[in-house]
Amino acid sequence: AKQAQLDIFENYFYRYNYQILKENARESGTGYADIKKQYEEVIDSLSKIVSLTKTSGTFDLPADYYTIVRVIHTNNVGKMVEVEKVPIARAQQLLMSNLTQPIELFPAYVQLEDKLTVYPDTISTGVSCYYVRYPKDPKWTYTLVSGEPLFNQGAIDYQDFELPLTDEPTLVAKILQFAGMSIRETEAISFANQQEQTEIVIEK
């Protein structure tokens with residue numbers, strides 16, 4: 001279930017990009033037919049804004065981050081500026097030049113794995129990150145009744161899928177596909193693949 005949800009989640013970004021290409025080619029609709037907007041709403045529902053804490057010279061990203069959308073710095077007087085992302089290969093080049101060196105009005109950051117280094121290094125607070133997070137892992141909770149597991153939605157650690165209901169057929173097909181691979185049931189895999197291809201054709 002976790003892998004199936006993750007596959008669909010990551011595919012959202014490819015489908016979103018595909019709809020942008022169709023929109024640029026004037027092949028997509030507007031209003032209720034605006035599929036790109038629907039993808040944006042799903043991605044936005046998994047977006048967060050958090051304040052980052054500086055530790056040992058770097059800012060730690062949240063454990064659930066998938067991709068960074070924007071990094072913002074708020075200075076002492078409340079002015080907000082966007083922190084520009086700089087590739088690691090260009091960072092030293094920018095720092096060595098007085099003309100391009102980042103200042104608090106025009107800060108920059110370098111990302112290395114799950115840590116951000118913000119320049120100038122005088123910035124130690126007021127850094128926030130707008131990011132898209134991974135969906136939470138689904139967890140089927142249960143209680144034992146006469147030795148048999150009975151679904152318990154009221155459990156504290158219960159976690160439902162975070163995808164919209166429109167993805168339910170795809171989700172079921174994905175789970176069936178993975179389950180078929182696990183038990184080596186070729187018919188289940190074949191059926192799931194067929195359902196997935198049908199969904200792709202419908203979207204196009």
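Colleague: Which residue does the side chain of Lys 36 meet in a salt bridge?

Modeller: This is a predicted model: local features need pLDDT of at least 70, side-chain atom pairs count only at pLDDT 80 or more, and totals for chains, interfaces and linings use all residues. Residues are numbered from 1 along each chain as its sequence is written, and side-chain values use heavy atoms, with hydrogens and water left out. A salt bridge is a side-chain nitrogen of Lys or Arg within 4 Å of a carboxyl oxygen of Asp or Glu. At 3.9 Å, N to O, the partner of Lys 36 is Glu 23.

Colleague: How many residues apart in sequence are the parts that Lys 36 and Glu 23 tie together?

Modeller: Helices (H or I, at least four residues) and strands (E, at least two) are DSSP runs, numbered from the N terminus. Lys 36 lies in helix α2 (residues 35–45) and Glu 23 in helix α1 (residues 2–24), so the separation in sequence is 13 residues.

Colleague: Is Lys 36 buried or exposed?

Modeller: Buried means under 20% relative accessible area, exposed over 50%, and partly exposed in between (1.4 Å probe, protein chains only). The value for Lys 36 is 15%, so Lys 36 is buried.

Colleague: In what order do the 5 strands of the open sheet stand?

Modeller: Two strands pair if DSSP finds at least two bridges between them. β2 and β3 are antiparallel, with 2 bridges, and 2 bridges also join β3 (residues 58–60) to β8 in the antiparallel sense. β7 (residues 108–112) pairs with β8 over 5 bridges, again antiparallel. Pairing in the sheet as a whole is mixed, and the order is β2-β3-β8-β7-β6.

Colleague: Which strands stand at the edges?

Modeller: An edge strand here has a single partner strand, so one side is left without a neighbour in the sheet. The two are β2 (54–55) and β6 (84–85).

Colleague: Which residue in the turn between β7 and β8 has a positive phi?

Modeller: β7 and β8 form a hairpin with 2 residues between them. Within the pairing, Tyr 109 stands opposite Val 118 in β8. The phi in question is about 55 degrees, and the residue is Glu 113.

Colleague: Which side chains of β8 are buried?

Modeller: Side chains alternate along β8 (residues 115–119). Lys 115 has Asp 60 opposite.
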